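Open the model in your viewer and keep the selection tool ready.

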Amino acid sequence: MNNETMQMERDFDFEIVMGLEVHVELHTKSKIFCGCTTEFGGDQNTHVCPVCLGLPGVLPVLNKQVVDYAMKAGLALNCEIAEFSKFDRKNYFYPDLPKAYQVSQYDLPIAKDGYLDIEVGGNPKRIGITRVHMEEDAGKLVHGGAANLAGAEYSMADYNRTGVPLIEIVSEPDIRSIEEAVAYLERLKAILEYTEVSDCKMEQGSLRCDANVSLRPWGQKEFGTKAELKNMNSFKALQRALEYEVERQAEILRDGGKILQETRMWDEAKGMTISLRSKEEAHDYRYFPEPDLVPLVISREWVDRVKATLPEMPHVRKERLVHTYGLPAYDAGIITGSKAMADYFDSACKAFGVDTPSGVEADDKAKERAKQISNYMMGELTRLLNASEFGYLNSPVTPENLVGLLQLLEAGTISTKIAKTVFEDMFATGKPAKAIVEEKGLVQISDEGAIASIVRDILTANPSVVADFKAGKEKAMGFLVGQAMKATKGKANPGLVNKLLKEELEKL
Amino acid sequence: MKLYTKKAHELHDLLVNKEISAAELVRAQAERIEAAEPKVQAFITRTLDDAMAQAAKVDAKIAAGEAIGPLEGIPMALKDNMCTDGVRTTCASKILHNFVPPYDATVVTKLKEAGAILMGKCNMDEFAMGSSTENSRFFATRNPWDIERVPGGSSGGSAAAVAAGQAVFTLGSDTGGSIRQPAAFCGVVGMKPTYGAVSRFGLVAFASSLDQIGPFTRDVRDNARVMNAIAGYDLKDSTSAPVDYPDYEALLGQSVKGWRIGLPKEYFGEGIDPEVKAVIEKAVKVLEGLGAEIGECSLPHTEYALPVYYLIAPAEASSNLARYDGVRYGYRSEEAPDLITMFKKTRAEGFGEEVKRRIMLGTYALSSGYYDAYYLKAQKVRTLIKGDFDQAYEKFDVLLSPTSPTVAFKFGDRTDNPLQMYLSDICTLSVNLAGIPALNINAGFANGLPVGLQLMGKAFDEAKLLQLAYAYEQATGCHSQTPDLGV
C-alpha cells in the first residue's frame, strides 16, 4: 500500500472488502457441447443447431478444446487441476436459456486454489483465486419498441451465443480497494491474453465482471453484508460502479442503517447501481449433477501436455527484460502488460541482433539497442497506435521496420529529428524507413567539405552575428547552427555543423 | 395369408423369395392398422405416404437382384417420444402437440439405414410417466387381449401395436419398466437394454440416468434382430458405451444347460398375484427341464427401489421438462400478459396431472436444504441396489422374476391412487436403477391374459437373456398365440 492509498483509506471510515467473479468467453472454434461456430455476430439464430437450441431429445457432447483452455487458464492462475470434476445443471427459467438450465460446474470445478499477483502503487499484493469452472453461455434478448425490457412491446431471442464456452474465475474476498480491483482485472486480462484462451474483448462481452462488495469498520474481523454487482462492461464501468457502491453502502452505515444482501445492477446511463433482487428473491438453482455427461477425469499426462503449452507469463517476462536488457522496471512492466506488445519487443530485439537467452545479461551495446526499441515503442509507436484503429498485433510499422529506422539512426544516416518524421510516414504508409529516406532525400549530410562550404557562406552572410559571437554572446552560436540546418533542410549532421562552425569562427 | 401375425424374420424370407412385395406388405400393414385401430387406439400419428414410397424403393432393389438387409422393408412403429425428422413427435402431451423435430433420433437414423419402414408413432403415457397409457393427453390405448383393460405403460401403444399386428416391431423406452410391463400385459417380447447400449440421442428425456430405448417384437429372434440394428456406441450420446456389441441373432439357439438362474426372493413375496406366481413357477420348471440350475437369491435393498426411483426420476424430469416454456415451440398459453404468466399458464395448461405431480416432487427433492436428504441420499441407496445385483451375479448368470405383480388391470382401476399405480412397476424399477438389461417374454396365461416373465442380466449381457428366452420360447411355443380382435 503506498502512502497515497494509505492516506485515502485512513480518510475513509470503512475497510472495503471485495471479490470479483469474471466470466471469460473461451476462444474455441466451436461451442462447448455442439459443432456450431462461436463467431461473434452473424444474423440472428444462424449459429444454432438442435443441440444448442435445447430441442427435445438432444444431448451434449463436451468439446475437448474447452477443457484444454480452461485447464490452461487454471494453470496460468496457479490453480490445482482437479483429477476428477463434473458438470452440473443450474436450473432457472428465462427465455434466453433454451433448456431452462445452464450446464455449469458446481461443487467440483476443473481448477481451484490459485492466486494472482498484482501491484498497486508499486506495492505487490497476492489475490487468491477460489476456483475456475467451465459453463455454457446463454442467448441474448432483443427488445422491440423500446431500448430496454421496460417499455418494450415485444422481445425476440437470439441464440447465436447460446452454448459458447465460458470459464468463470472467482477470486477470494482479498481485494481491499477499488485500485486493487481494477489492477486485478487488468492483470487477469493480461494473463488470459498471454494464454490465448480468450480474446478478452469487453466490448463484445467476451470478458464480463461481477463484484461482491461489502464494508466493515476498520479492525473488524467479520465481513459486512455484501451486495453483488452485475453488468459492468468496461474498466471504466467497474471503477465507477465500485465508487458508487462503496459510497452508497458507507452512507447507509454512517446513518446507522443495515446493508441488504442483494444483487444490484450497474446502470451506466444513470451512473448508479440499482437493486435487481433481494436475498429472499434469490433463485434456488437446484443444482444437481448433469446426467447427460460423464464425469471428467483428467490424467497427470493431460495436465502436463497443457502445461507445456503455457507461454512465459507476464511477471516472468518482465523480470527477464529488466535483468537481460537493463530496462527500467516501469518500462518492462508496460511492455509486458500485453502479450502483443511484449512479443513486438522481442521480435524487434531479434531483428536488431540483440535477442539474448533468458538468464544471460546482454552487453552494453545490446542494452543500448534494446533501450532504443523500448523508447520508440513506449513513445511514438504507442502514441500513434492509440490514435489509430491498429494495435501491436497488426501495427503498420513492423518490428523489422522499426529496427530498420533505428539502424539508420545508429549509422548516422538520419538525424533524430528526421527520424521522427520518417517514423510518421512509415506508420502512415507501412513502408520501410530506408525507402522513405531515399524517396524524400532525407539522408543526413555528413560530408565535411560540403558542410564547411555552407558554414563559410553563412558566416559571410551574417557579419553582425559573427561580431556578437566574438564579443562573447554565446546565443549567437545557436542562431548560426539554425541557419545551417535551415540551409540543408535539417539534413546536416548537427554534430558536424557545430564542430565546423567552431573551427571556422576561430579562423576569423 | 395373415401377414400381420408374421415375424420380421419370416417376412424377410417372403420378401427375399418374392412371395410378397414390400408394397403389398406395407399396404397389408396399413389395412391392419386401419382395421384394428378403432379397438386398440395405438397410434397418435400415421405415416402411410412415406411408407409406400419407401416400400417402392425396397421393391426396386429386390427387382434389381440386390440383397436386402434383415429389417429392410419391414413395417415398424415408434413410441412418440423419439424424434423423427419432419414427423410430429408429441410425447402424448398437449405441450408438444404440434412439435415437428428437424432431426432424427440416432435409433431412427439406424432403422432408416436398415431399411425398416415407419408406419407411425405410438401412444404412450404423457412424457413416459405412467404404467397404463391412461396418462396420454390424447386417448387411452386398449389391451388387444381384452379391450376393457390397459395395455400397460408407458410404452402401451408400442406394445399393443405389436400384439395387435399393427406393426411387426416397435421401439419403446423404459425408465422404470415402461417396456417390460406393457410387453408383459400385451404378451410380447420387450427388451430394456443395458444403460448405454442404445443411444438416447433424440429420445425426449424423462429421466436421463434411467431412460433406455428397446424393441417390442413378436418373438425372441426378432428382438435380437432389432437389437442388432439399434445397439452400439454413439458419439452424440456421451453416456453411450464404447464396448463391443455382439451379433445377438447369431448367438441364438445355444444350449442353456448348466446356466445358473437366480430367483430373488423379494420378487416372489407379498403383493404378487398367486395366479401370476403359479405361471412363473411353471416357467421356472420348464427352464429347469432345459438343464438350467435354479437357486434362490436375495436383493435386500429391493424395498427401497420405489422411493429411490420416485426421487431420482422426478428430480431429473423436473429439469428435463423445464424447457417446455412456450417460448420456442410447442403449446403456448394465449392468455399471458407477461413473461412469468406465460411460463406459468403454458405449463399449467400444457402438462397433465401426473407430469405436474412428478415435476413438483422432483423440484422439491432438488430444492436447497432438501437436496442432501432426498436426492443425494437416493443416489447413495441406488449404489446399494446396484451392489445387490453385483453380489447376486457372483452366483448366478441370470435372475428371473415376474415382470409385473398382476396381469393387465381394467381402465380406471388405479387412476385415483397414484401410489397404487406406482406399485405396478415394483418388479422392474431396480433394473433401471442398476443400469442392467432385462427382457420380458410371455410365460403363459392367467384367465386368458398374458403373464410376463422377466429375465435380468449383467451389464451388456443382453445376448444371454435372448438365448435363454429363445430356449424357453422354442420349448413352449408361448409366442405363437395372438389375440383375436374380431377384425
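Which residues does Glu135(A) touch, not counting residues up to four places away in sequence? Select Gln102(A), Val103(A), Ser104(A), Gln105(A), Leu166(A) and Glu168(A): these are its contacts. Contact here puts two C-beta atoms, placed from the backbone, within 7 Å.

A word on ground rules. This is a predicted model, where local features need pLDDT of at least 70, side-chain atom pairs count only at pLDDT 80 or more, and totals for chains, interfaces and linings use all residues. Residues are numbered from 1 along each chain as its sequence is written, while chains are lettered from A and ligands numbered from 1 in the order in which they are written.

**Stop 1**

Is Glu135(A) buried or exposed? Glu135(A) counts as buried because it has 22 C-beta neighbours inside 10 Å. The cut-offs: buried takes 20 or more other C-beta atoms within 10 Å, exposed takes 12 or fewer, and partly exposed lies in between, with C-beta atoms placed from the backbone.

Now select residues 123–136 of chain A. This is strand E7, and Glu135(A) is in it. Strands (E, at least two residues) and helices (H or I, at least four) are DSSP runs, numbered from the N terminus.

E6(A) and E7(A) pair in the antiparallel sense over nine bridges. Pairing requires at least two DSSP bridges between the strands. Find Tyr115(A): its bridge partner in E7(A) is Gly128(A).

**Stop 2: the whole sheet**

Zoom out. E7(A) belongs to an open sheet of nine strands with mixed pairing, in the order E2-E6-E7-E10-E1-E11-E12-E13-E14 (chain A). Strand E2 (80–81) and strand E14 (272–278) of chain A stand at the edges, each with a single partner strand, so one side of each has no neighbour in the sheet.

Next, the helices. Select residues 64–76 of chain A. This is helix H2, lying across E2, E6, E7 and strand E10 (165–171) of chain A, at about 165° to E7(A). Then select residues 235–254 of chain A, helix H4. H4 lies across strand E1 (14–25), strand E11 (207–217), strand E12 (227–232), strand E13 (262–267) and E14 of chain A, at about 25° to E11(A). Angles run from 0 to 180 degrees between N-to-C directions; axes are lines fitted to C-alpha atoms, for helices over the stretch in contact.

**Stop 3: across chain A**

Colour chain A by domain: domain 1 (3–285), domain 2 (314–440) and domain 3 (448–507). These bounds come from an automatic or database domain assignment. The C-alpha centres of domain 1 and domain 3 of chain A lie 66 Å apart. For a residue-level distance, pick Glu135(A) and Leu508(A): they are 85 Å apart, C-alpha to C-alpha, and 373 residues apart in sequence.

**Stop 4: chain B**

Switch to chain B, with its 15 helices and 11 strands. Of its 487 residues, 59% count as buried. Its C-alpha atoms fill a box of roughly 65 × 55 × 45 Å along the principal axes.

Select residues 398–402 of chain B, strand E9. Five of its five residues are buried. Strand E7 (residues 260–264) of chain B pairs with E9(B) in the parallel sense over two bridges. Strand E11 (residues 449–457) of chain B pairs with E9(B) in the antiparallel sense over five bridges. End on Val398(B): it stands opposite Ile261(B) and also opposite Gly457(B) in E11(B).
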